Amino acid sequence: LFSRGPANVLAVYLPFFSSWLFYQGDSVTQLLSWGGIIFTSVVAFILPLWIALHTLDTSDEKGVIEVYGSYTVSSKVVQKRRLYILMGLAMISILAAIAGNFVQQTHEEEVGVGVSAKK
């Protein structure tokens, strides 16, 4: 997409220099906390379910590995329904993690906990 010079600026120098803005107080902790919640939520919960739904739509293969003996494959409609239920539960768990992070940050601000309060 970019030549070597602009690619280095965007991939190396810009993130490095902009990170200095977050070295004030407990901003780094908050950045890592939010980044962890969002990145882990997408990689561990949303993306695998989305790939399973996409594969179910585009493939006619059974896709079952018999690990625990014989396993009967449900129809595509039942499989889709189950995946959508799992996606809904994953969304609820992600929203609970986000709400918990908000509550924790609010509580820490009220109590005065954090690197900036300890100085």
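**Exercise 1.** Which side chains meet in a salt bridge at 3.1 Å, N to O? Find the pair in this predicted model, and then say where its two residues lie.

*Solution.* The side chains that meet at this N to O distance are those of Asp60 and Lys76. As for accessibility, Asp60 is exposed because its value of 72% is over the cut-off of 50%, whereas Lys76, with a relative accessible area of 35%, is partly exposed.

**Exercise 2.** Determine how many salt bridges a search of the whole structure finds, and describe the one that involves Asp57.

*Solution.* The search of the whole structure gives two salt bridges. In the one with Asp57, the side chain of this residue meets that of Lys80, with 2.6 Å from N to O.

**Exercise 3.** Work out how helices H2 and H3 are oriented where they pack, and which kinds of residue form their contact.

*Solution.* Helix H2 covers residues 27-58 and helix H3 residues 76-111, and the two pack at an angle of about 175°, their axes being 10 Å apart. Since angles over 145 degrees count as roughly antiparallel, H2 is therefore roughly antiparallel to H3. The residues of the contact of H2 with H3 comprise 19 nonpolar, six polar and three charged ones.

Methods. Residues are numbered from 1 along each chain as its sequence is written. This is a predicted model: local features need pLDDT of at least 70, side-chain atom pairs count only at pLDDT 80 or more; totals for chains, interfaces and linings use all residues. Side-chain values use heavy atoms; hydrogens and water are left out. Axes are lines fitted to C-alpha atoms, for helices over the stretch in contact, and angles run from 0 to 180 degrees between N-to-C directions. Helices (H or I, at least four residues) and strands (E, at least two) are DSSP runs, numbered from the N terminus. Angles under 35 degrees count as roughly parallel, over 145 as roughly antiparallel, 65 to 115 as roughly perpendicular and the rest as oblique. Ala, Val, Leu, Ile, Met, Phe, Trp, Tyr, Cys and Pro count as nonpolar, Asp, Glu, Lys and Arg as charged, and the others, Gly among them, as polar. A salt bridge is a side-chain nitrogen of Lys or Arg within 4 Å of a carboxyl oxygen of Asp or Glu. Buried means under 20% relative accessible area, exposed over 50%, partly exposed in between (1.4 Å probe, protein chains only).
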